[in-house]
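Please keep the structure open beside the text while reading.

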Amino acid sequence: MTALTEYVRTFANNVCGNVRDMVGCEMTADESSVCQAKFNPDRGMAVMIHFTGAIQGEYAVSMTEEVAAKMIGAWSDGMGPDDLRSMRGDFGGFLKEALNTSVGQAIPGLERDFDALTFLPPVVIYGELEYPEVPSGKITLKNELGEVDCYFVLNMMGLELGERLQAVIQALGESAREASAAKRSVSSMLEAFPAGLVSVDRHGKIRPGYGRKTPDTVGLERDAAIPGMHVVELLGYGEDLVSGTDKWLEVVYDKWGVIPFKDIVGLSPIAESINARGLVVRPEWVPLLADDGKLDGLMLMIEDVTEKRRVESEMKKLSRLHEENMELMGQIVNLEPDEIQDFVYDSSGLLKEAENIVETANRDRKFIDTLYRAVHTLKGNSGQFQFKGLQHMAMEIENDIAKLRDQQEWESVDEDGSEFKKIREGIEEAGGYVRRLEELRGKLGQRDEKLDEKVVRSTPAVMTQLSDIEGVAASVWGIHQAGKSLGWNPATLSMLASAAASAAALREVDLARLGRTLQSVVTKTAQRLGKKASFALAGGGTIDVEVLRVLHRCLVHLVNNSLDHGLETPQERIASGKLETGLVTLECRRDRQELELVFSDDGRGIDLEAVRRKAIEKGLLEEAAASSASEEKLLDVMFLPGFSTREKVGEFSGRGVGLDMVKDALASLGGTIHTRTVSGKGSAFVMRLPLAAAIPSTRYLMEVDA
Amino acid sequence: MPKSVLIVDDSSFLSKQIAEFFTSQLGFQVVGIGKDGNEAVELYRKHKPDLVTMDLTMPNKDGKTAIHEILTEFPEARIMVISAVKGNTVLECLNRGAKGYIEKPLKFSDPLFVEDFKQSVDEVFN
């Protein structure tokens, strides 16, 4: 028996032993079939796993459907082919488990002997299998239930790459015939090897015989004269690396056995980088050992990673940009314009400072410390304002600086300036972030001017994000609904509903934000009208950002209306025994169905007589109807189009856009508005919105509660 | 009898860490700690330790010169370079007869690094 067949036999026996354990009953192995592997098509069913790496091969377990049915205890007499076919799902699972158990235990042995291998997922096959003419082993196991074939197939092409495998074969007593066969197939190995592969002598010259893919991986013509070329030239790296590489090779060859290779391999000047032919080339040194442990030669495996790195960096950029934009917009909507302005100002300043230091490339420790501090502050600020993307960038730059700063011999590191370059790139990237923040802020809202429009405006991008969120919530909800009709368990349904609610909640913002903008609208409007007013918000919670925009528009109108018409001048207020400063409030309440917002002022109240006169004047009510109209009826008239109680067009209200607009806007959300007034005491506008529209997440949360 | 080691580094903090590593992890006896190349040569003459760990960038006399001087006088000396410096200087030291190289920073909290370090020390003695 040859060494190879011995290896196959040992291995196959090993895995078959595992199968025996798996099947759970004693089986006898027919070892006479080893290395005569002819696949037995009569079995009709097999599962196989394919592995690839230094060698290629397959391991398979095969049996008839009848035997499989018996082994899983599903067999009963009189079963026909159709019955068996209907059990194929079960067979597949059983076979895969059997295979995984047996191969799983044998893999460490395979990997030890054949270098790293990749195992592809097992496949179940029905019908005939075609096996190539390659060394293989088969063991047939028998017991009272039937027979199982276990195959172990090795594709030995390229086998000779691994010295370890040669050693295995030699250790098993390799025959002379097989040794010569092995030598013959070195060339076929070089043909098939997927990366570039060359052998480098102690002077850096490429030895004859090299992997067929080598020219491609380094960007040379197929027929380039590679043997004799210097390795640096082959890789297309700069000539400045030649002398360093030569020195390195000299030390590696001379000091073999004295200095561990792992200590020295990192000192090689050759490392992944873009070459003169525009490819990103990744070289990796592999020492080849002779039998006595001496260095036989150095091989260089070369991989062209251009496309890989490009795709990686594109993906990284894209996903980062997307995340950042979402984050930026979210924060802009949440922050006050002044805060953003300050943040942009501070951050730009810090980055400018950092950039100046990096530009000078000064390696004075004092400069490094200043640089570190600037970036550290930037990190703190962005954390404070929840700009996570910027915070992350700042952290990376900070780490890079820290690496320089913490070196014990930091003056001598970064001789080529590459660390500084990295830091500079980081700073530029962060600068881009801050510029984008400023740009988006500009698009999202104009500072100071048209405060009322600030929240209303938005970029199409924000709208897209919002509808995306809606889409996510809706699709999760769709799954929930489907699950419900299929009778999924309540815990799963509740989890799905929570997930939909969380997604929907991404659209929601804090009502306090509305309070903040109304606060400034009240202050500024009162100032311009020569009145005094303060604003208070009662109640809180979250609200859909789109609904908030609509409410904001309505409330700005109501504020103007109240301050212009309702609120008295300070003198009038004092004369009537009120506090000089009027109070405008917004109260928010919600129950299970509705969100109620009450906007009220403590002004003079609505002049019902004036409303009555105006209604007749504008032809909104017949004179007779008007004189008998109830208070409620009259107040409703105020919400009709074309109604305005003011004689003169005021600066803020009464521009032809009346309460009718407010009513329409609320109606578009399924809401209503009513008003109440007490003469001399003030008036109130009561707005009601369906909860599902105002706070979308509640729609799903109710399901969770239920 | 435990093996002896001389530690040479201009950072006393690092020297302590390296000394602690050799004492507790490898059972060495630290016979001296030098702060520059001059002290390295003197301490070597005095103690003739089994091993020297040598920093490269140091005041007064750098590690490369110290390695050269020690090996000229004592060709059997076992010296390991421990430095943040990469490239030619290290290669020259190795060429001159240093027997190992550990790159700074020294990550003693990383078990892989510690294993690596131990192995390098082992190989210096094999």
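B:Asn60 sits in the loop that links strand E3 and helix H3 (63-73) of chain B, where helices (H or I, at least four residues) and strands (E, at least two) are DSSP runs, numbered from the N terminus. This is a predicted model, in which local features need pLDDT of at least 70 and side-chain atom pairs count only at pLDDT 80 or more, whereas totals for chains, interfaces and linings use all residues. Residues are numbered from 1 along each chain as its sequence is written, and chains are lettered from A and ligands numbered from 1 in the order in which they are written.

**Backbone features in loops**

Most residues other than glycine have a negative phi, and most peptide bonds are trans. B:Asn60, although it is not a glycine, has a positive phi of about 65°, and with 12 other C-beta atoms within 10 Å it is exposed. Here a residue is called buried if 20 or more other C-beta atoms lie within 10 Å of its own, exposed if 12 or fewer, and partly exposed in between, with C-beta atoms placed from the backbone. B:Lys48, in the loop between helix H2 (37-47) and strand E3 (51-54) of chain B, counts as partly exposed, with 13 C-beta neighbours inside 10 Å.

| Residue | Phi |
|---|---|
| B:Asn60 | about 65° |
| B:Lys48 | about 45° |
| A:Gly670 | about 80° |

Chain B also has a cis peptide bond, which joins B:Lys104 and B:Pro105 with omega at about 0°. B:Pro105 belongs to the loop between strand E5 (100-103) and helix H5 (111-125) of chain B.

**Chain A and one of its sheets**

Chain A has 27 helices and 18 strands, and 33% of its 706 residues count as buried. Two residues are in contact if their C-beta atoms, placed from the backbone, lie within 7 Å; of the contacts in chain A with a separation of 6 or more, 66% are between residues 24 or more positions apart.

In chain A, 5 strands form an open sheet in the order E13-E15-E16-E18-E17, and the pairing is mixed; two strands pair if DSSP finds at least two bridges between them. Strand E13 (533-538) and E17 of chain A stand at the edges with a single partner strand each, so one side of each is left without a neighbour in the sheet. On average, neighbouring strands of this sheet are turned by 15° against each other, direction ignored. E13(A) and strand E15 (residues 582-590) of chain A run parallel and are joined by 6 bridges, and A:Ala533 stands opposite A:Gly582 in E15(A). Helix H19 (residues 511-529) of chain A packs on the sheet, touching E13 and E15 of chain A, and its direction makes about 170° with that of E13(A). For such angles, axes are lines fitted to C-alpha atoms, for helices over the stretch in contact, and angles run from 0 to 180 degrees between N-to-C directions.

**A helix with a buried face**

Which residues of helix H25 (residues 659-668) of chain A are buried? They are A:Leu659, A:Val662, A:Lys663 and A:Leu666. Seen down the axis of H25(A), these buried residues fall within an arc of 95°, so they line one face of the helix; the arc is that of the directions from the helix axis to the C-beta atoms. Their cover includes helix H20 (545-566), strand E17 (672-678) and strand E18 (682-690) of chain A.

**Nonpolar cores**

A nonpolar core is a set of buried Ala, Val, Leu, Ile, Met, Phe, Trp, Tyr and Cys residues joined through C-beta atoms within 7 Å. In the largest core, which has 58 residues, B:Ala40, B:Val52, B:Met54, B:Val81 and B:Leu94 touch the most other members, while the largest share, 5 residues, comes from H9(A). A second, separate core of 43 residues includes A:Ala526, A:Leu558, A:Phe599 and A:Ala615.

**Where the chains meet**

The contact takes 18 residues from chain A and 20 residues from chain B. Helix H9 (240-254) and helix H10 (261-265) of chain A each supply at least two residues of the side of chain A that touches chain B, and H9(A) gives the most, with 4 residues.
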